[in-house]
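Dear colleague,

I am passing on the structure below, together with some notes on what was found in it. Please have it open while you read, as the notes go through one part after another.

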Amino acid sequence: MTGDRDEGRHTDRTDTHVKRTQAGTLTTEQVGRQTKVQGWVHRRRDHGGVIFLDVRDRSGVVQAVVHPETTPDAAAALQPARLEWVVEVEGEVVRRDPDKVNPKMATGEIEVRVETGRVLGRSEPMPFGVEGAQDASEETRLKYRFLDLRRAGLQRNLRMRSDFTIESLAYFREQGFVNIETPMLTRSTPEGARDYLVPSRLNHGSFYALPQSPQLFKQILMVSGLERYVQFARCFRDEDLRADRQPEFTQIDVEMSFVDEEDVFALVEGLFSRVFPLAGIEPPVSYPRLSYDDAMRRYGSDRPDLRVDLEITDVTDCLRDTEFRAFQAAIAAGGVVRGVHVPGASSSSRRQVDEYADIARRHGAAGVLWVKRENGVPSFLVKSALSQGQVETLADRLGVEEGGMALLVAAPEPTAAAALGSLREEVGRRFGHMRENAHEFLWVHDFPLVTWNGDEGRWNATHHPFTSPHMSDLDRLESDPGSVRSRAYDVVLNGNEIGGGSIRIHDRDVQKRVLALLGIDAEEAERRFGFLFEALSYGAPPHGGIALGVDRIVMLMAGADSLRDVIAFPKTASAVCLMTEAPSTVDQEQLLDLGLRIRPQGGR
């Protein structure tokens, strides 16, 4: 009996279930078919009793039409539906009348004639409309991030980020890399910014730190013989407020054994050739290489934007004999006079020149001077300060052509570079010397190993303390550290650093010398980095790597204005999550459990 009943149930049953279809995928090919669409009410219109609902899901929007006279139950069920309510509609896909076709919609030639419908979820009145979300304040949008993320643009960015991640990991797998997760709870080994500290309940008075990067772990993996490591690593830095930085960020962390700089460059160029086409960007096969010194001399920046077709020229030598006080003082103090020629800029107004001077002053310069050529004759800002012959020589050296203007800065070399680097980009953009839609990739290498910190009276690592110096410079490490070049490199796109790395120190004694130069004595070095020294003493191979900034790369690929546009749940510039209200206070019992107490700010 049981068998007969089971057989009858299976043979007599007819399955009439209609599967869900993504709204944005419906086309004229589905005309005449039954479909079910589930999503959010994007728009609602009522015309003569007929209800028009634009239903949106992650794939797009389709129009659903409810006729009360033919489907009264569906009309009654969907009558309450308002913007952003979640609904389900089922019916036949039909062609729109020719005069009702909407060419602005991907599904504008068809609509769903609703036969049944229901409300799946109600919505409170929205704090802002999904279509007009960009007009709401950023604070409001971040507070209601779950609503802000309904915007098509943000969803497109996050899908691009997902594709970027999946494609990148596939590439590294093909290149023989091992994907390894390194610890999130580790010891504090500050690398420049402050660590986020995590108190240990089981070890009172001791703290973990959230990693600023997996730097030491990936080097130890090289000692372990893995040879090729990759990780999409979450990193944390407790930095002072910056407009477009996040306290937590993601980087593609890479390390390789038995490589030099060109091996790393080739690996990254291959990766970018794989992932940038996801955004319709085709990088060159190989990128230009610039030393740090050349980048600063020619462009005034260690991450120059090569879309701007202007270069800086040093004219110090042709002005040494001038009696003009501004030039005399700068050169006598060991400074330089440099300028950048801007074709077509001779028409700059007095107000514009004042704006150029303000830009220079923001970087520490006294202001700007100019040389321009009009009607075939060059002239200098300060009349009679230079002879006409000197003005001619200056204009020729700077390449000033008819209708052009060269902006000059006389200052210490770092100040002149920073001021002219900023001016080069700003004035180049104003006068049409930037190729806005281009994508210019670049490697900058041979950074100084250390940089002098005048405020603290000591040397700081330009990149990090584990970067290898050039061995040919090592004999000057203690006697002239500022002249020692590192084997560090950055990859730059349109003036943005999108990755940085180096060949590492794999010799324990060299590592100790570099730490000593940075003011870390032998006892402190052993306390903080003893595990690294021990690892390096057991046959450490030469190795190097790079960290690529996922947030910034995807931002540039997507053409977004901010890192927050490519991160699902970003924080504000003050490191606050407005949606969850983190950071927040915790219960006193939790503090006592950890052996902590909160003292008044500024108190004891």
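Val93 stands opposite Val112, a residue of strand β5. The model in which this is seen is a predicted one, and the values that follow should be read with that in mind. Strand β4, which covers residues 86–95, pairs with strand β5, residues 110–121, in the antiparallel sense, and the pairing extends over 10 bridges.

The helices α13 and α14 come next. Packed helices are in general described by the angle between their axes and the distance between the axes. For helix α13 (residues 508–517) and helix α14 (residues 522–536), the axes come within 10 Å and cross at roughly 160°. Since an angle over 145 degrees counts as roughly antiparallel, α13 and α14 are therefore roughly antiparallel to each other. The crossing in which α13 passes α14 is right-handed. On the side of α13 the contact is made by Arg508, Gln511, Lys512 and Leu515, while α14 contributes Ala525, Glu526, Phe529, Leu532, Phe533 and Leu536.

Most residues other than glycine have a negative phi, and most peptide bonds are trans. Against that background, Glu227 has a positive phi, near 70°, although this residue is not a glycine. Glu227 is placed in the loop between α6 (215–223) and β9 (228–236), and with a relative accessible area of 38% it is partly exposed. Phe258, also a residue other than glycine, has a positive phi near 60°. The loop that holds Phe258 is the one between β10 (248–257) and α7 (261–275). Is Phe258 buried or exposed? Phe258 counts as exposed, because its relative accessibility is 56% and the cut-off for exposed is over 50%.

The peptide bond that joins Ala582 and Pro583 is cis, with omega at about 0°. Pro583 lies in the loop that runs between α15 (550–558) and α16 (588–594).

With kind regards

Technical notes:
Residues are numbered from 1 along each chain as its sequence is written. This is a predicted model: local features need pLDDT of at least 70, side-chain atom pairs count only at pLDDT 80 or more; totals for chains, interfaces and linings use all residues. Side-chain values use heavy atoms; hydrogens and water are left out. Helices (H or I, at least four residues) and strands (E, at least two) are DSSP runs, numbered from the N terminus. Buried means under 20% relative accessible area, exposed over 50%, partly exposed in between (1.4 Å probe, protein chains only). Axes are lines fitted to C-alpha atoms, for helices over the stretch in contact, and angles run from 0 to 180 degrees between N-to-C directions. Angles under 35 degrees count as roughly parallel, over 145 as roughly antiparallel, 65 to 115 as roughly perpendicular and the rest as oblique. A crossing is left-handed if the near helix is turned anticlockwise from the far one by less than a right angle, and right-handed if clockwise. Contact means heavy atoms within 4.5 Å. Two strands pair if DSSP finds at least two bridges between them.
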